[in-house]
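Okay, everyone, let's take a look at this one together.

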Amino acid sequence: MSPHSYRILIVDDVADNLFLLQTVLETEGYLVETATDGTIALRQFQASPPDLVLLDIMMPGLNGYQVAQRIRQSSGVPIVFMTAHDELSTLPYVEIGVNDLIRKPIDFDELFKKIQVFANSAPDQPKPPKTSEPLFFEWYMSHSRAQA
């Protein structure tokens with residue numbers, strides 16, 4: 001799929017992150033929409049589903065896990081979590097249907113490779129099972145207790 005027709009929704013509560021990602025991706029020819037919180041992201045997603053969602057995990061209101069769970073109730077669109085968390089391998093993201101993770105600060109070469117993989121994959125991805133489990137909160141609580 002050509003970058004000129006590949007639509008990406010970026011969700012992050014930090015305006016500078018949104019601006020940087022949007023600028024870089026649009027320079028590469030991608031069509032980009034942004035949302036500053038989970039509620040806005042879900043509205044935009046429902047109104048015009050993108051080809052890929054880049055989703056920050058830690059946001060006020062609906063966090064990335066909650067947004068991903070709601071998207072998965074109706075769509076198999078690829079979701080890539082963006083996180084500043086050091087221990088990427090311990091984050092429970094596959095269980096709710098998130099396809100991949102990328103660490104902040106963003107390595108743009110890595111991001112472009114991930115986007116290319118999703119852009120070249122089949123458009124109809126299977127939906128993961130629905131879950132209402134608050135997985136992030138369970139992980140966060142157990143992880144923070146283990147470090148205390």
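This is a predicted model: local features need pLDDT of at least 70, side-chain atom pairs count only at pLDDT 80 or more; totals for chains, interfaces and linings use all residues.

So, how many helices and strands does the protein chain have? Five helices and five strands, where helices (H or I, at least four residues) and strands (E, at least two) are DSSP runs, numbered from the N terminus. Along the sequence, the pattern goes β-α-β-α-β-α-β-β-α-α.

Residues are numbered from 1 along each chain as its sequence is written, and side-chain values use heavy atoms, with hydrogens and water left out.

Now the overall numbers. Of the 148 residues in the protein chain, 45% are buried, meaning under 20% relative accessible area with a 1.4 Å probe, protein chains only. The accessible surface is about 7900 Å², by Shrake-Rupley with that 1.4 Å probe, and carbon and sulfur atoms hold 55% of that surface.

On to one helix pair. The axes of H2 (residues 38-47) and H3 (residues 64-72) come within 10 Å and cross at roughly 20°; axes here are lines fitted to C-alpha atoms over the stretch in contact, with angles from 0 to 180 degrees between N-to-C directions. H2 and H3 are therefore roughly parallel, the label for angles under 35 degrees. Who makes the contact (heavy atoms within 4.5 Å)? Gly38, Leu42 and Phe45 from H2, with Val67, Arg70 and Ile71 from H3. By class, that's four nonpolar, one polar and one charged, with Gly counted as polar and Arg as charged.

Note on methods: Buried means under 20% relative accessible area, exposed over 50%, partly exposed in between (1.4 Å probe, protein chains only). Angles under 35 degrees count as roughly parallel, over 145 as roughly antiparallel, 65 to 115 as roughly perpendicular and the rest as oblique. Contact means heavy atoms within 4.5 Å.
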